[in-house]
Amino acid sequence: MSAFARMGSNLVLTLCCAASVSLFADVGSELGRRFLPPASDLLTFNTVSQKLHEMDVDADEAWLKLSGRDEYDAYRTEMHRKMISAIGGFPERTPLNARTVATVKRDDYRIEKVVFESMPNLFVTANLFIPESDAFKAPYPAVVMSCGHADEGKDCDIYLRACVIAVKQGFVALMYDPYEQGERREFACKGSTTHHNIIGIKASLLGWSMPMLRIWDGMRAVDYAESRPEVDSSKIGFMGQSGGGTMTALMTAADWRLKATAPSCYLTSLRHLCESMGPQDAEQNIFGQLRFGLNHTGYVLLPDTKVAVTCRFQDMFSIYGTLDLFRTVKAVSAKVGTSDGYALNSAPGPHGWTESTETASVDWMRAWLKGEKGILPLDCTKYRPLDIGFSVKNVDVGLAEGERGVTATGRTMDIPGARDIHMILRDRMLGAAKNRPAYSASERNSIASRLAGVRDPKDVNVVVKELAPINVGEAKLTRVAFAYPDGLTLPACWIEPAESAKKPVAPVLMVGAKGRAGWAREAEAALASGASVLVADVTGYGEIGKANKMFYGVEDCPEEGVAVMLYLMGESITGRRATDMLVLADWMKGKTGMAPALSARGSAAIAAAHARAANAGAFAKVAVADAPKSWTEMIESEKITRENADCFRYTYIVVNGLLHYDWPELLK
């Protein structure tokens, strides 16, 4: 536990006289009593989701409003610039230092086991399939592939099968391991999506992002394909499934060298995605992308690349969102004369890459990289029978289980001199700290308030409704609702001691984990000291904090999915909560004439620090308890286990924050 997590662990309890607490003991039973309308437990999710829905629709509408090719080209060029900026730019393009460590021969192709460096000493393992059939002549077109979230990475059967299908059609096929999969796994516990989130959280604090890191791996894989003498560097495509579908979509948007792409089981609409199963892991989310109008539709329309979108009828990525996306793509492309460059490949069944969708994706590459236009238009119905009775166990996948693996130990970190992304991010943090200007406290606080997006209470137009007070023991309790224009309402309990017990001390504002009911002892103690108390549920907590879906099993932090949706919208839950605290404090000062003491617990501690930074005068003092780690401690955590993985939450961060400050500094 950090010093700031321990600080103030007794909070308001130090104010009390234990003998008098019993006078207010009934208060605790009233704090958690619900009083908002039914279904208000989803208020945080619903209000954020509604705004995200509107922004996603607006992003589609912006494409549809373009009048012709010139306007389209200007718009997509500017959108591409904004995308690259939002993901954090790219590292320096350093030597790949690629080498083949082994070769496996087959009748009509060979497989080279390859390792290259996407950044200095950051090793990427890959399988390279090269045709050796008289039916095809070098240089060959190439298809780079990104696998989904299989623990085996590139050596999973379905991904090996895709490479075999491609190489037998005359393509060089390159499939590489992502972070925390295959031979690049470093964490002691399994779960690639969780691990990608941890890397993404660290990167986001330091001006980078998980999309950038994943795209950069993909771009370096394309660089490697271009470097091979067997490859026609003017004819390179990209395809992938699930997490690889994500990477294919992002590569489509980011790397305009690609001539054709085939993202599978990913592209939908952000509104359908977030409303059905919630936002996905870190690599799928670009900070503020909806604020500047980039959604899944934009990934397809940004480049001049030929794109075949694959979806499945029962996929977890909603096919209805995919159909919405494709209608928009076809409408826009019809206006600008590019309709033939898009195809929709749908198939029955659940999430997954199968013989039919892999074959159709390779055929799309044949049409656009080899000029075999007779395949077009791509007719998905003719591929669907390939899945009937099919088993990947009964076909050529190139490598038997005992033949798989590039490194001797199955771990890139066992290569002499190897570095992992956690080391690189730690060095980036140290460099940022070394080069950080010597901010004054006011400069630092201003930066923190701006990055978090904290708003002034006078700018948010909150309507306050007080219900009739009730007597609870010797205290008077009034239920108060603070209603924002978007419908979010903060429920709170305003509790005043009897007039005879009141003392001229600052009132106390209590917010944080577990909602109002978790503050019973502290509220009773504060009342015993003669202070009035406001115990409130702020954004994502208590009575308004239910999750529609838990974000990748993050049981300790139900608001995490909302935090990620806000991330897509260019906001932080820290900023929203800090704004809530200032609104509540402003109301309390109006009631009592005194600024309140703020007590915050759990992740609310970080928001409390930012509320203080935005307006230190709003609070008599700020005390926090059970706080998350400092951001510096997060970055320094190189070895992640199941026990410490819960230290990493989007709820805890402010994008780019650690480039300028660490959150506990705001409490000094």
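Thr478 touches Glu466, Leu467, Pro469, Ala492, Cys493 and Trp494, not counting residues up to four places away in sequence; contact here means heavy atoms within 4.5 Å. The model is predicted, so local features need pLDDT of at least 70 and side-chain atom pairs count only at pLDDT 80 or more, while totals for chains, interfaces and linings use all residues. Residues are numbered from 1 along each chain as its sequence is written, and side-chain values use heavy atoms, with hydrogens and water left out.

**Thr478**

- Thr478 lies in strand β12, residues 475–483; strands (E, at least two residues) and helices (H or I, at least four) are DSSP runs numbered from the N terminus.
- With a relative accessible area of 5%, Thr478 is buried (buried is under 20%, exposed over 50%, partly exposed in between, with a 1.4 Å probe and protein chains only).

**Helices α7 and α8**

- Helix α7 (residues 210–227) packs against helix α8 (residues 243–254) at an angle of about 75°, and their axes are 10 Å apart.
- That angle makes α7 roughly perpendicular to α8; the term covers 65 to 115 degrees, with under 35 roughly parallel, over 145 roughly antiparallel and the rest oblique.
- Axes are lines fitted to C-alpha atoms, for helices over the stretch in contact, and angles run from 0 to 180 degrees between N-to-C directions.
- On the α7 side the contact is made by Pro211, Arg214, Ile215, Gly218, Met219 and Val222, and on the α8 side by Met247, Leu250, Met251 and Ala254.
- By type, the residues of this contact are eight nonpolar, one polar and one charged.

**Nonpolar cores**

- The largest nonpolar core has 159 residues, of which Leu213, Val511, Phe619 and Trp631 touch the most other members.
- A core of this kind is a set of buried Ala, Val, Leu, Ile, Met, Phe, Trp, Tyr and Cys residues joined through side-chain atoms within 4.5 Å.
- Helix α7 gives the largest share of this core, 10 residues.
- Leaving aside neighbours within four places in sequence, the contacts of Trp631 include Leu205, Ile606, His610, Tyr652 and Trp663.
- A second, separate core of 39 residues includes Ala150, Leu160, Ala360 and Trp368.

**Cysteines**

- The structure holds zero disulfides, a disulfide being a pair of cysteine sulfur atoms within 2.5 Å.
- For Cys147, the closest cysteine sulfur is in Cys156 at 7.9 Å, too far for a bond.
- Cys147 is buried, at 1% relative accessibility.
- Cys557 is in no disulfide, and the nearest cysteine sulfur, that of Cys647, is 12 Å away.
- Cys557 also counts as buried, at 3% relative accessibility.

Notes. Nonpolar A, V, L, I, M, F, W, Y, C, P; charged D, E, K, R; others polar.
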